[in-house]
Amino acid sequence: MKHEQKHNPPMKYGMAIDLDKCTGCGACMVACMSENNVPFKKDESNKLDSITWIRVFKLTNGKAYPDTDICYLPRPCQHCEGHDGHSPCVSVCPATATDYSRETGIVSQIYTRCFGCRYCMAACPYHARYFNWWDPVWPEGMEKYLSPNVSPRMRGVVEKCSFCFHRYQQAKNEAYLNGESRVSEEAYQTACTQACPAGAIVFGDLNNPEHRVHQIVRPDTKNGNKSRNPRAFRLLERTGTNTKVYYLSSREWVRRAGDNYLAHEKTGQVSKPHH
Amino acid sequence: MKVDRRSFLSFVIGGAAGTALSPLPWKLMDDSSIWSQMWPWTPVPPDGEATYENSTCSLCPGGCGISVRKIDNRAVKIEGQPGHPVNDGGICILGLSGLQMLYGPTRIKAPMKRVGERGESKWQEISWDEATQILADKLTDIRNRGEAHTVAAISGSDSGTVPALLQRFLTAYGSPNFIRMPSGRDADELAVKTLFGEDGRTGYDVENADYILSFGSGLVDGWGSPVRMIAAASTWKDKNVTVVQVDPRLSNSAAKATRWLPINPGTEADLALGIAALIVANGAADSSAVSGFGVLKAELLAGYETGKVAQTTGIEAGAIVELAQGFARADRPLALCGRGKGQTATSLRETAAIYLLNALAGNINQDGGMWAIPEADYIQWPEVETDTIASAGLRQPRIDGAGAGKYANARYLLNRLSEGVNGSGPYPLQMLMVAGANPCHDLSDSAGFTGALAHIPFIVSFSSFQDETAAMADLLLPDHVYLERYEDVPVAAGLHQRVIGLSKPVVSPQFNTRHLGETLITTAKAMDAPMADAFPWDDYETCLEESLAEKWDALMEEGVWVETDIDPISDTIRVAGMNAPAIAAEGDESGFPLLLIPYDTLRISSRTVGDTPFMIKTVADTVIKGLDGFVEINPQTASDAGLKEGALATLTTPRGETRVRVHLFEGIKPGVIAMARGLGHTAYDDYLAGKGVNFNELIGPVEDPSCGHDVAWGIRAKLAKA
Amino acid sequence: MGTLDKNAKEVMDDDAAQAADSKDGAGGFIILFFIIGFAASMVLGWVIFPKLLYSEKQQPFNFNHAMHVEEVDEGCESCHFFRDDGSFSGVPKLAQCIDCHEEPMGESEDEAIFVEQYVAMEREVPWLVYSRQPDCVFFSHAAHIIGAEMDCVTCHGNIGESTESRPYEYNRITNYSRDIWGKNIAGFKKHSWDRMKMDDCAQCHKEAGLIHTSSVQTGRDACFVCHK
């Protein structure tokens with residue numbers, strides 16, 4: 001049995017979402033739902049229990065007419081790294097249902113281990129995790145469009161964005177067949193990235209200088225992965241969640257909306273992480 | 001031997017020890033945990049071979065190329081087709097939802113005959129043979145009485161082989177009453193004919209413009225070909241393109257623009273003419289592009305002085321001057337017309353005014369400009385040989401009045417059908433067929449239209465879904481869904497090229513449905529000679545292949561045919577419609593102090609197909625909450641009316657009354673309230689029905705005096721705390 | 001008082017002696033019942049339980065692997081192959097068998113059933129898959145056959161040499177094949193192909209030195225490597 005494998009340097013899959021390009025069209029939301037067998041109910045207007053792995057939020061600058069401005073912000077799971085893989089949700093899961101992979105940077109969610117305590121939902125600062133209060137019901141016939149690459153969930157488990165990891169799994173299969181040791185940038189893209197008509201989402205390996213997302217974000221690994229791009233910011237950056245989804249905006253008020261700034265605090269000033 | 005308590009206990013302990021040392025408890029624990037994780041009702045999607053099949057989406061006029069991922073013979077995901085000339089891999093929220101429509105329970109699964117009262121939706125399933133026979137017999141009956149003209153058909157489109165077959169059907173039959181659903185195309189076609197002198201449409205090279213002046217067009221809200229527009233819009237910032245959005249409301253398009261100019265609703269034409277006046281006054285106009293320039297100049301300067309325009313439109317004079325200067329100085333300025341998704345017509349005055357701006361800017365048929373394109377004419381069928389009955393029928397006036405008298409300039413006036421059938425028309429209608437349209441929900445004054453159907457004894461719907469119009473029908477002959485059929489998809493939608501997409505069956509028909517083209521050919525063949533002769537093809541696929549002729553092989557291979565080398569109609573325009581009165585909203589200000597306008601959003605489908613469960617899930621809880629729909633209102637206006645965020649209110653217009661909740665939004669002009677189009681369905685299923693309010697129940701048509709098109713842009717309203 | 005006491009003491013002593021006697025005698029019964037209970041539960045757990053737990057189904061018709069392996073050129077791969085996208089074809093679909101079996105090739109009754117009831121009716125054969133794993137499992141054949149250069153037998157046993165399809169024994173509670181837990185009710189295995197639980201995968205990975213430390217929670221492989 002061959003066990004001599006080329007160990008590739010660890011990858012850190014992340015996103016750069018350009019809020020100047022995002023139009024709030026919602027294609028990413030439905031692409032994700034369609035790709036990942038996300039269930040739906042008759043009444044989805046209670047947004048606290050509506051399951052959308054990626055959700056587009058509408059921000060406003062709070063100014064009165066006619067100086068009002070709005071901005072849309074798609075929020076997938078941020079795949080927080082924290083400090084060496086201690087994402088808030090991973091740190092609290094009593095069932096080891098969620099885990100951080102140092103090899104890919106992705107926070108996984110395994111439904112068969114989850115017993116629905118929802119501690120992870122309490123821990124997640126981004127409300128990126130969703131609970132199946134009810135068994136999913138697919139209206140007659142619609143179960144035909146379910147993809148075999150993603151496990152449908154039963155009630156009582158938490159689900160969240162997985163950066164379409166099943167696509168990585170399939171891409172890896174193809175890579176093996178073609179004798180490639182790595183999955184290329186084009187071979188593994190999330191459904192939301194692929195669908196976005198504005199090309200606002202860029203996905204790839206933040207560690208790989210050849211990947212577009214790295215070139216846009218230019219993370220400073222010696223400074224908590226803060227982006228060197230002046231337009232970039234991360235959500236609640238100061239909590240130290242060390243997320244992998246970077247947002248870009250040329251509007252100061254949008255960048256400022258990314259964290260709970262006090263009036264006197266400067267935008268983007270992130271204190272050094274505590275150890 | 002004494003079998004007493006001790007022995008029993010030791011038996012039990014022995015049993016316990018043995019059980020613990022046997023696999024039973026451990027295996028049972030493992031099995032129970034597996035059992036509890038795998039309830040039989042949690043689906044396990046079957047695996048299989050993954051393949052991709054390309055086709056063309058036809059859920060909106062945009063014409064995007066799609067790539068459908070299948071597992072064995074099940075379609076599991078719709079994606080945008082990379083490299084496609086229209087959308088290059090991108091896809092919109094509606095396109096992505098196609099599989100919920102294909103596989104969902106709102107499908108009409110077989111031909112149906114109505115039992116019970118109309119509107120009760122009680123059906124009896126019948127065979128296709130029986131259904132076609134019923135239709136053929138009814139038609140023959142009417143025809144033999146010399147009343148062929150009393151049969152009408154409503155169609156979502158009039159281009160492509162299927163609508164052409166429907167038109168041919170009526171022509172051979174002897175009815176002039178082929179009526180297309182109202183849309184921005186009505187205004188565009190009339191403007192092109194009037195201004196450029198020939199039949200055709202406009203196209204816009206938005207990718208290459210450097211100054212875009214949009215008069216309410218939903219640039220990223222679904223105007224034109226939605227994915228193409230969003231893709232173009234995402235490049236504008238980096239290319240320093242100036243985008244000015246003239247809009248009473250901070251739509252997503254306005255938010256993405258460089259500048260938002262909140263205008264008084266309905267005064268876009270005045271603004272356009274005011275800008276034209278300034279451009280002309282500054283000597284910055286391309287006078288060669290407009291015939292009768294001298295007269296035009298005089299009229300503009302006399303009638304559209306900046307101060308006056310400022311007052312009419314509510315936009316500061318200084319801003320109007322900036323606009324005019326910016327537009328004129330830009331290298332490749334472009335003005336766009338058609339509010340929201342462009343599903344309603346703009347008046348000739350407004351359309352002409354905006355096209356005039358393009359002419360004055362010298363961008364007609366230029367890079368980054370507006371193109372005047374003759375219609376694609378690839379369907380070359382032999383002329384229909386009409387018999388006496390048909391000729392007599394075709395000579396009758398149209399039931400909607402289009403093409404004659406004061407409506408001479410209009411081709412289709414569906415907004416006048418209710419009037420036509422309720423007694424004041426030239427004759428009663430005996431049959432109505434509806435294909436690719438849902439007028440009972442989508443037409444302005446939808447309730448009035450639905451009520452008028454009581455005057456039509458026999459209604460046939462070809463809809464694939466149980467929509468509002470199908471609910472009012474007597475006979476259902478369900479068409480395949482687009483993913484199940486071959487069809488040509490000619491794309492207009494603001495493209496400056498001519499594009500024909502090919503829709504291919506990605507899955508075999510899921511139910512007992514039949515291609516509409518097939519139904520028409522079969523029905524015609526079941527009727528007497530003149531009908532059957534006009535349909536010489538064996539089946540629809542033969543018809544399609546013949547019609548596409550030399551393009552067929554390329555289309556089967558590539559899925560799309562693009563013609564870029566087009567001879568535009570003309571580079572110059574003549575002016576028209578300027579002196580027409582402005583279009584006012586119905587209602588008097590004293591009784592109805594507010595202005596209610598509709599808004600379009602990509603998340604809510606407002607034409608033909610209704611939102612799928614996925615799409616409705618993305619709608620915010622400030623648009624729908626439970627079953628309640630919201631109106632957007634400026635906080636100042638709300639406070640004047642004593643309304644707080646989320647409060648229930650009664651919304652009344654001259655046409656209807658309903659209950660709504662209010663959402664306070666700073667991004668809307670005071671005095672103006674806005675409601676999303678596309679909600680308030682009563683048909684479909686519980687995932688959509690009953691949610692929100694149908695805007696079309698609150699508004700009615702306002703006729704453009706030059707042609708009769710419904711050009712209502714809003715209606716006066718009042719809001720009272722409920 | 002003295003005599004009464006003495007009598008009482010004697011009685012008590014007697015009782016004690018009797019009790020002691022009977023205890024000694026009854027002790028054997030206690031042990032006996034213990035043994036009976038123990039033996040009964042052992043039999044129940046080791047013999048009766050597996051009989052009750054597993055039910056049996058037959059394949060739709062018999063498939064002779066050995067014969068087919070002789071006829072084809074590439075062994076297992078002729079019918080169980082990688083698709084272009086790297087996924088594994090698994091159990092062959094009708095389309096593949098039809099390449100040869102459009103018409104009956106031999107004279108067996110099983111083939112007759114196949115051609116009449118399945119090929120002619122264009123019906124997929126509902127094969128019962130012994131190695132079917134739960135939906136949460138992602139198993140990559142590519143990683144193992146191409147990446148690790150393993151052979152089919154290691155996990156699937158010598159099925160290629162069988163002339164008959166063995167019955168499909170399945171667990172009544174979980175509905176999975178007996179092959180997953182293994183034939184032995186205690187989970188003891190002799191060959192690598194006797195069991196297919198997660199522990200067996202992990203055991204092999206450990207032996208091959210393949211346990212990575214990417215998982216922050218467990219210090220082993222991250223979950224998404226084998227799950228979905």
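Chain B is divided into four parts: domain 1 (5-37), domain 2 (112-181 + 377-435 + 444-477 + 522-563), domain 3 (201-373) and domain 4 (594-721). These bounds come from an automatic or database domain assignment. The model is predicted: local features need pLDDT of at least 70, side-chain atom pairs count only at pLDDT 80 or more, and totals for chains, interfaces and linings use all residues. Residues are numbered from 1 along each chain as its sequence is written, while chains are lettered from A and ligands numbered from 1 in the order in which they are written.

**Domains 2 and 4 of chain B**

- The C-alpha centres of these two domains lie 32 Å apart.
- 20 residues of domain 2 are in contact with 21 residues of domain 4 (C-beta atoms, placed from the backbone, within 7 Å).
- On the domain 2 side, α18 (446-452) and α19 (468-471) of chain B each supply at least two residues (helices are DSSP runs of H or I, at least four residues, numbered from the N terminus).
- α18(B) gives the most to that side, with 3 residues.
- That side divides into 7 nonpolar, 8 polar and 5 charged residues (nonpolar: Ala, Val, Leu, Ile, Met, Phe, Trp, Tyr, Cys and Pro; charged: Asp, Glu, Lys and Arg; polar: the others, Gly among them).

**A sheet in chain A**

- An open, mixed sheet has 4 strands in the order β8-β1-β12-β11 (strands are DSSP runs of E, at least two residues; two strands pair if DSSP finds at least two bridges between them).
- β8 (201-205) and β11 (232-233) of chain A stand at the edges, each with a single partner strand, so one side of each has no neighbour in the sheet.
- β1 (residues 13-18) of chain A pairs with β8(A) in the antiparallel sense, over 5 bridges.
- Ile17(A) has Ile201(A) as its bridge partner in β8(A).

How values were computed: Two residues are in contact if their C-beta atoms, placed from the backbone, lie within 7 Å.
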